[in-house]
Amino acid sequence: MKKRLELTDFHEGILSGNRVILSQAITLVESTLDSDQELASQLVQSLITHSGKSIRIGITGVPGVGKSTFIEAFGKMLLDLGKKVAVLAIDPSSQLTKGSILGDKTRMENLAADKRAFIRPSPSGTTLGGVSGKTREAMLLCEAAGFDVILVETVGVGQSETAVKNMVDFFLLLMLAGAGDELQGIKKGIMEMADALLIHKADGENIEPAKKAKVNYQNALHLLPNAEKNWNPKVLLASSTTGLGLEKAWELISQYKDAMTENGFWETNRATQRINWLDDQVQFLLGQAFHRDPVILKILEAEKPKVRSGALNPGTLAKSLIQIFLSKK
């Protein structure tokens, strides 16, 4: 029988950059077992002072835009610049079976084969924004293991992207020219969240359409008010095939970090994200306790048929259940 790693084993293994132990630690934080959650909480707390030194980059875009292809090319370029790169790739989960393909290592073969990089696919579950519920912890563990660039790839299936925005330093939105994205991209919400737009696959016959799309996006961005951080999102062209724009993208991210550090937004943003993390954890743990309560489970089993038939208002039942749950505490 395989010996379970202790807190010290995880702690020392991660600080030494052991990728096997890092992968096991992420599996630990993703576990729903009470014993695993307790150990994971202790591990994250023990490593929290060793984290926070990386640049966290969220990368999103509609399916087919080439997120994995871009991340592989971009990641390889960063490795050549001497950076240690970790990729947290969130795979779509089936709403029926809760299973996911977890195929990002297959799509990023070259990057996955490089020992300077670490790729961890995780199921998105039911989390909005296509972000695994434990992505924050996984990111922190990767930072403690010495990775200085963390790339978080989201599912990009039209769900709210606020989740990933609330856990990264730089939010990159990938777009395609001539695929109907121009209208979707000009939607105010997603444009306001993006720190840069990158028109991908700008090569071959797509070059001219990409240039036109760039002008359209730049014009749209001018209509938006300046954000509190005093940063105007930029629009870039890039090709993972030719390498066009990859270095410019990194230069822009570096400029962003310098500017945000200078004006104080970098740390203010991270502080806000830590509070958001606290709020999310409180909601998660309360929800977990609520749905494990035997009294609540018994009432739910008895009353759900009435909700299904339309005889009972879901809101009325929910309020009643919350009152019962709180009265027991």
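Helices are DSSP runs (H or I, at least four residues), numbered from the N terminus.

A word on the source: this is a predicted model, where local features need pLDDT of at least 70, side-chain atom pairs count only at pLDDT 80 or more, and totals for chains, interfaces and linings use all residues. Residues are numbered from 1 along each chain as its sequence is written, and side-chain values use heavy atoms, leaving out hydrogens and water.

The structure holds 14 salt bridges, each one a side-chain nitrogen of Lys or Arg within 4 Å of a carboxyl oxygen of Asp or Glu. Here are some of them:

| Pair | Closest N and O atoms |
|---|---|
| Arg 270 and Asp 169 | 2.6 Å |
| Glu 267 and Arg 274 | 2.5 Å |
| Glu 303 and Lys 306 | 3.4 Å |

Arg 270 sits in α13, while Asp 169 is in the loop between α8 (162-165) and β5 (170-175), 101 residues apart, and this pair links distant parts of the chain. Arg 270 is buried at 4% relative accessible area, and Asp 169 is buried at 3%. Buried means under 20%, exposed over 50%, partly exposed in between (1.4 Å probe, protein chains only). Glu 267, by contrast, is partly exposed at 45%, and Arg 274 is partly exposed at 44%.

Glu 303 and Lys 306 both belong to helix α14 (residues 294-309), three residues apart, about one turn of the helix.

Terms used: Helices (H or I, at least four residues) and strands (E, at least two) are DSSP runs, numbered from the N terminus.
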